Amino acid sequence: MPPLDRRTVLLAGLASALGVGSARAAFPERPIQLIVPFAPAGGTDIAARRLGETLARQLGQSVIIDNRPGANGIVAGQAVVKAPADGHTLLVATAASFAAAPALGQKLPYDVEADFAPVGMLGLFPLVLNASPTLPVSSLAEFLAYAKQRPGQLNFASAGTGGTNHLVFEMIMQAAGIRLAHVPYRGAGLAAADLMSGQVQVMIDSLAASLGNIQGGKLKALAITTDARQPQLPDLPTLKEQGVDVVYPGWASLVAPSGIAPDTLRVLNTAINVAMTDAELVVRYRELVIEPVAWSPQETGAFMARDRAILTELVAKTGIKLTE
């Protein structure tokens, strides 16, 4: 008999968790509400909708996407932390809201560790270091040399102080021994527009948002922030390959109110991990430039905690403040 593949094993686990072959487990008893802290049509929202479609087929209940943008994820977080811990209300947690905000000392109306239980991952979002086409460099090595010759004279853009693209570039400056001035914008789109026109010199952004402009020659991609090269740009080396010891993908996870029953948590996590091996979802994620990840609640929680620790140490070293 050939060995079972990962999807077969996960499906068997889901069947067991749901009670297939005996009495079906009570969960889920009604539609599952998946609260997204962003407006519709963004990359995270679309990923949540794709995952929701797959989960609905597996669990036999609708998955309703509820967009609650505002206050760097606090509006969405409050809605979930007040919900019953029965598994029917989940939150999309992001690096910005569950790692950067606590690291920066942002006052939150909840404790991201004590008040939420990790369920599983929504996915990893590769980030890319882009340079303006007006900058006279064609590689990361050339950029680092250029920046070292001009300390404080070049600018890097971000979507706002304390955001992921701001903090990741601070990591790069620490690791590479360079110093650029930070220019925060009200959103990544405005920052990218000024990057393409040469008003600022470099920026960290999602590969999904950058890919078309990189391929169209409007941006110079210098490095990818993940631990491996990405299939969309296979010739683009990682930061670490090029001697800068920074590995940091963007990410989003799924969390529930703390106190969720272990059996309910197991059903949800198994269903999410089955979805991450679903051929159709994998294709759709690749189109969105998202890496599907099948992790246990414990692995998800450890990843989130490690990220908070990394960003907390970075903030302590650099003195970054939200009022910057």
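## Confidence of the model

Because this is a predicted model, its confidence values come before its geometry. The mean pLDDT of the chain is 92, and 92% of the residues reach 70 or more. Over residues 20-24, however, the pLDDT is below 50, and in the model this stretch has five contacts beyond near neighbours in sequence. Where pLDDT is low, the predicted coordinates should not be read in detail.

## The largest pocket

Rolling a probe the size of a water molecule over the atoms shows where empty space is left. In this model the largest pocket holds about 1100 Å³ of space, and 40 residues line it. Those lying nearest its centre are Phe-38, Thr-44, Ala-96, Ala-159 and Thr-164. Sorted by class, the lining has 21 nonpolar residues, 18 polar residues and one charged residue.

The elements that give two or more residues to this lining are the helices α2 (43-59), α4 (95-103), α6 (164-176) and α8 (207-215), together with the strands β8 (202-206) and β10 (250-257). Of these, α4 gives the most, with five residues.

## The largest cavity

By the rule applied here, the model has one cavity of 30 Å³ or more, and the space in the largest cavity is about 40 Å³. The residues lining this cavity are Pro-126, Gln-230, Gln-232, Arg-286, Val-289, Ile-290 and Glu-291. By class, the lining of the largest cavity divides into three nonpolar, two polar and two charged residues.

## Helix α4 and its surroundings

Helix α4, which gives five residues to the lining of the largest pocket, is also mostly covered, with seven of its nine residues buried. The buried residues are Ala-95, Ser-97, Phe-98, Ala-99, Ala-100, Ala-101 and Ala-103. Among the elements that cover them are the strands β3 (89-94), β4 (116-125) and β10, and the helices α6 and α11 (297-318). After the helix comes Gly-105, whose phi is positive, near 75 degrees.

## Strand β8 and its partners

Strand β8, one of the elements that contribute to the lining of the largest pocket, has four of its five residues buried, so this strand is largely enclosed by the rest of the structure.

Strand β8 pairs in the antiparallel sense with strand β5 (residues 127-131), over five bridges, and in this pairing Leu-129 stands opposite Ile-204 in β8. Strand β8 also pairs with strand β6 (residues 155-158), here in the parallel sense and over two bridges. The bridge partner of Phe-156 in β8 is Val-202.

## Backbone details in the loops

A cis peptide bond, with omega about -5 degrees, joins Phe-27 and Pro-28, and Pro-28 lies in the loop between α1 (6-18) and β1 (32-36).

Two residues have a positive phi although neither is a glycine: Ala-41, at about 85 degrees, and Asn-72, at about 55 degrees. Ala-41 is found in the loop between β1 and α2; its relative accessible area of 60% is over the 50% limit, so Ala-41 counts as exposed. Asn-72 is found in the loop between β2 (63-67) and α3 (74-81), and because its relative accessible area of 39% lies between the 20% and 50% limits, Asn-72 counts as partly exposed.

Technical notes. Residues are numbered from 1 along each chain as its sequence is written. This is a predicted model: local features need pLDDT of at least 70, side-chain atom pairs count only at pLDDT 80 or more; totals for chains, interfaces and linings use all residues. Side-chain values use heavy atoms; hydrogens and water are left out. On a 1 Å grid over the protein atoms alone, a cavity is a set of points where a 1.4 Å probe fits but cannot get out, and a pocket is an open set with protein on both sides within 12 Å along at least five of seven lines; lining residues have an atom within 4 Å of a point. Grid points are joined across faces, edges and corners, and a volume is the space filled by probe spheres set on the points. Ala, Val, Leu, Ile, Met, Phe, Trp, Tyr, Cys and Pro count as nonpolar, Asp, Glu, Lys and Arg as charged, and the others, Gly among them, as polar. pLDDT is the predictor's confidence in each residue, from 0 to 100. Contact means heavy atoms within 4.5 Å. Buried means under 20% relative accessible area, exposed over 50%, partly exposed in between (1.4 Å probe, protein chains only). Two strands pair if DSSP finds at least two bridges between them.
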